Amino acid sequence: MLAARVSLTFDAVKTLTRKTTALLAGVAATMALVTPASASTDLPLPAPTGRHPVGETQLHLVDESRTDPWVPTGPRELMVSVWYPATVARGDRVPYASAEESRLLLDLYGITTVPPDTLTRVRTHARVGAPPVLRRVPLVVLSPGLAFPRWTLTTLAEDLASRGYMVVGVDHTYEGAAVTFPDGRVAPCVVCKGGTSGAAITASRVLDLKFVLDKVLRRFPHLIDPTRIAMVGHSIGGAAAAATMLADPRVDAGANLDGSFQPALTQDLGRPFLLVSAEDRTGTRRGRT
């Protein structure tokens, strides 16, 4: 039975890897295609390939037991998106990015050839508050790369949700270009300024991910199968996924998408873990943080 549930969870990981290239290519296409002359053009994300409509809700989580490691003026606050298989495609489409989030991400990467609100015209497929399927499903937790907000993983999350998985995307506050809270505050990327080690970021993310896992398992006990959990990350999020597996036995499988390990692993994970890396033009393997 253990092998069967790990296999099902690991299938979610494999689905994520197939969609990674499409997601990053879609973001690049957004930058290249939208010009001032076509500023009103909608840019739809690739459609989910599963049979379920997709719903989405957002959570504002506060860890009162922990001071924020990057801006230590209060407790650690996190924003989380929860994508899930729905019974019907009912409700408004989930916004991809706000104007301020778009501006901050483009500014962080020095992109000035498109309007600053370009990413507000990206169109998702998930519906706000659509009714969920009434059964327990496997859970996949996503940790984005450094500077990338959780919504940059939307294509991956929507596709998995359409295939019958609950997907939780975590914004690691002050590690993404823009994290917007319900009261309107927008947290910029503090660690992007440099001076913080990858190991320190990974260690902080492990605490974030364990906290989020605690919260979502308690909040959705009738929708999540606690015996089928995958932890997946892009870039340094992949390092965090592996480190979280070492720290939390509830995670059955994981994946590191185009990332390295910070710090290097010193022991075996003991469960299935997938490594995905890009190749440069010389054919050598490379990882990014």
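**The whole chain**

Keep in mind that this is a predicted model. The protein chain holds five helices and 14 strands. It has 289 residues, and 51% of them count as buried. Take the contacts between residues at least 6 apart in sequence: 72% of those join residues at least 24 apart.

**Helix H5**

Let's start with helix H5, which takes in residues 236-247. How far apart are its end C-alpha atoms? They sit 17 Å apart, and that agrees with the 16 Å its twelve residues should span at 1.5 Å a residue.

H5 is mostly covered, with nine of its twelve residues buried. Those buried residues are Ile 236, Gly 237, Gly 238, Ala 239, Ala 240, Ala 241, Ala 242, Thr 244 and Met 245. What lies over them? The cover includes helix H4 (198-219) along with several strands: S6 (137-143), S10 (224-234), S11 (253-257) and S12 (273-276).

**Strand S3**

Strand S3 (residues 75-85) is another mostly covered piece, as ten of its eleven residues are buried. It pairs with strand S2 (residues 54-67) in the antiparallel sense, over eleven bridges. One spot to look for is Pro 75 in S3, the bridge partner of Thr 67. S3 also runs antiparallel to strand S7 (residues 166-171), and five bridges join these two. There, Trp 83 stands opposite Val 167 of S7.

**The disulfide**

How many disulfides does a search of the whole structure find? It turns up one. This disulfide joins Cys 189 to Cys 192, with 1.9 Å from S to S. In general, such a link is a covalent bond between the sulfur atoms of two cysteines. Here the link of Cys 189 and Cys 192 is right-handed, with 75 degrees about the S-S bond.

Are the two cysteines buried or partly exposed? The table gives each one in turn.

| Residue | Relative accessible area | State |
|---|---|---|
| Cys 189 | 8% | buried |
| Cys 192 | 27% | partly exposed |

Buried means under 20% relative accessible area, and exposed means over 50%. Cys 189 counts as buried because its value is 8%, while Cys 192, at 27%, is partly exposed.

Note on methods. Residues are numbered from 1 along each chain as its sequence is written. This is a predicted model: local features need pLDDT of at least 70, side-chain atom pairs count only at pLDDT 80 or more; totals for chains, interfaces and linings use all residues. Side-chain values use heavy atoms; hydrogens and water are left out. Helices (H or I, at least four residues) and strands (E, at least two) are DSSP runs, numbered from the N terminus. The expected span of a helix is 1.5 Å times one less than its number of residues. Buried means under 20% relative accessible area, exposed over 50%, partly exposed in between (1.4 Å probe, protein chains only). Contact means heavy atoms within 4.5 Å. A disulfide is a pair of cysteine sulfur atoms within 2.5 Å. Two strands pair if DSSP finds at least two bridges between them.
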